[in-house]
Amino acid sequence: MYASQQHEKLDQSNRLVNLPVQETESYYLPPTQNVDNRLWSDEGSQGSHFSVHTSDLYCALESSTATGSYPSNNSPSTVSFSSNGSSTSHPDSHSYLSDTHHSPDNTYTSRVSQSFFSDDVNDLKHKLRELETAMLGPDSDVMESYNIGVSGGGPTQTPSETDKWKHMMEMVSGGDLKGVLAACAKAVGDNDLLTAEWLMSELRPMVSVSGEPLQRLGAYMLEGLVARLASSGSSIYKALKCKEPTSNELLSYMHLLYEVCPYFKFGYMSANGAIAEAMKDENVIHIIDFQISQGTQWFTVIQALAARLGGPPRIRITGIDDSTSAYARGGGLDFVGQRLKRLAESCKVPFEFHAAALSGSEVEVRDLGVRPGEALAVNFPLILHHMPDESVGTHNHRDRLLRLVKSLSPKVVTLIEQESNTNTAPFYHRFLETLRYYLAIFESIDATLPRDHKERINVEQHCLAREIVNIIACEGAERVERHEVLGKWKSRFLMAGFKPYPLSPFVNATIKNLLESYCENYKLHERDGALYLGWKSQNLVASCAWK
């Protein structure tokens with residue numbers, strides 16, 4: 001690790017970023033992320049029409065996110081596709097998704113019934129090929145195909161239906177998983193039920209939770225498409241119903257993700273460095289953390305301030321967290337406060353913890369307990385994207401919170417967010433963005449954990465899948481994963497009256513030193529006062545500070 005030999009500020013920063021974190025967590029995800037073993041199966045499906053029973057799906061209506069609980073819909077509605085391609089509701093359908101299992105050798109499948117006019121997908125494909133031959137002839141050249149690739153590029157001219165079918169069949173026969181996923185998303189978005197059903201049946205043998213990064217990601221993205229289609233616009237899936245891991249198991253998965261990927265350490269270091277710099281001469285410090293989770297981010301801050309020349313300052317931390325996080329912690333916010341208090345006592349730091357057990361979107365000034373004479377720091381670690389904004393409803397909590405924090409005159413505000421654009425993008429473009437972004441994450445995990453590592457499968461299921469399904473399957477207030485790129489966040493902070501607070505060059509150098517222990521494909525660069533951490537050419541997490 002990079003070490004400073006110069007003066008007190010650098011010594012404090014060095015202590016801050018190099019002391020070991022004793023317990024870890026993932027701010028990247030809501031703390032109760034659950035994926036059922038029923039998500040995966042090698043069994044074939046049966047039935048004579050496409051029918052999904054919403055109370056038996058792996059993607060079922062269930063509560064809990066980092067920002068609050070969802071209302072549940074327990075009515076077992078069913079969606080069937082009739083011969084004219086329209087959707088109808090059948091309350092007592094007997095065509096279900098089956099119970100499923102997974103193993104490193106399993107190929108992912110979803111139990112969705114076969115074609116509405118055919119008992120056999122092969123028969124469907126045969127009919128499609130007969131139709132193609134009748135319309136184009138056996139030796140006809142294919143017209144310029146419609147580009148449905150994941151780059152988001154559109155067609156140069158309006159393609160005919162035969163062109164589209166020909167192009168899709170070529171992608172299927174060629175094993176173009178990206179292309180088939182994108183084509184299926186386009187069909188779902190266009191409510192093209194025949195095409196969507198056929199492509200889903202083709203995708204099932206192409207994806208696997210134990211395969212290549214794209215195959216594993218494809219498994220979860222297919223779940224999102226099935227969940228979105230099955231909702232029929234009336235009851236969007238909000239969580240993955242499954243046998244929940246114990247709190248210790250979930251914490252171990254989060255810890256493993258923390259260790260194998262540097263995204264969270266990057267966020268901790270950059271935010272802590274900015275806060276330490278802003279508070280270096282303060283004697284009474286109040287830190288407001290809008291996603292306290294396990295509270296482990298503040299271990300190194302307390303330890304660094306304890307070693308400050310002239311004695312430690314008085315520290316008060318306000319921890320904001322939804323009550324649903326208690327499951328991953330194994331206790332409520334009092335559990336976090338006691339842990340931090342014990343650490344502070346061991347370091348002889350005067351310490352006080354203030355618990356605010358509520359969703360960030362519910363926070364008011366009175367909940368924060370700000371006192372006169374305190375030097376205030378506010379931390380937003382991968383949480384603001386969960387706040388609804390003007391695109392969701394009349395209550396724009398995203399901007400309201402920024403204005404509220406600005407009214408408190410903080411010395412520094414730190415922001416860590418995923419560098420992705422899924423907030424207001426239309427469904428199809430949102431799907432492509434999700435494919436691009438999460439593929440980089442799955443590839444980065446692959447660089448550290450072996451393909452057949454059992455815990456790798458658990459990490460991806462319990463720490464990533466639910467996020468992916470929420471982005472794809474949900475709309476309106478039920479879609480809580482609403483990422484924005486840093487440029488948009490900058491606009492929001494500027495409109496709220498903030499000014500940029502440059503991150504410490506020392507911290508930047510320390511993070512670069514950290515990355516040397518990881519794969520060389522991780523990239524760190526600085527632009528306009530902000531830090532970006534990425535995988536190869538894909539930026540994944542951005543960090544900046546404001547005052």
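Reply: A salt bridge here is a side-chain nitrogen of Lys or Arg within 4 Å of a carboxyl oxygen of Asp or Glu. The model is a predicted one, and it holds 22 salt bridges.

Start with glutamate 161 and lysine 164, whose side chains meet in a salt bridge with an N to O distance of 3.6 Å. Both belong to helix α3, which covers residues 161-173. Because they are three residues apart in that helix, about one helical turn separates them. Lysine 164 has 25% relative accessibility and therefore counts as partly exposed.

A second pair within a helix is found in α13, where arginine 436 and glutamate 433 lie three residues apart, about one turn of the helix. Their side chains form a salt bridge at 2.3 Å, N to O. The two partners can be set side by side for accessibility. Arginine 436 is partly exposed, with a relative accessible area of 36%. Glutamate 433 has 13% relative accessibility, so this residue counts as buried, the cut-off for buried being under 20%.

Glutamate 212 and arginine 451 meet through their side chains in a salt bridge of 3.3 Å, N to O. Glutamate 212 sits in the loop between α5 (193-203) and α6 (213-231), while arginine 451 sits in the loop between α13 (427-446) and α14 (454-473), so the pair ties together parts that are 239 residues apart in sequence. Glutamate 212 counts as partly exposed at 44% relative accessibility. Arginine 451 is partly exposed too, with a relative accessible area of 29%.

To return to helix α13, arginine 436 and glutamate 433 both lie there, three residues apart.

A disulfide is a covalent bond between the sulfur atoms of two cysteines. The structure holds zero disulfides. Two cysteines can still be placed by their accessibility. Cysteine 184 has 0% relative accessibility and so counts as buried. Cysteine 519, at 26% relative accessibility, counts as partly exposed.

Conventions: Residues are numbered from 1 along each chain as its sequence is written. This is a predicted model: local features need pLDDT of at least 70, side-chain atom pairs count only at pLDDT 80 or more; totals for chains, interfaces and linings use all residues. Side-chain values use heavy atoms; hydrogens and water are left out. A disulfide is a pair of cysteine sulfur atoms within 2.5 Å. Buried means under 20% relative accessible area, exposed over 50%, partly exposed in between (1.4 Å probe, protein chains only). Helices (H or I, at least four residues) and strands (E, at least two) are DSSP runs, numbered from the N terminus.
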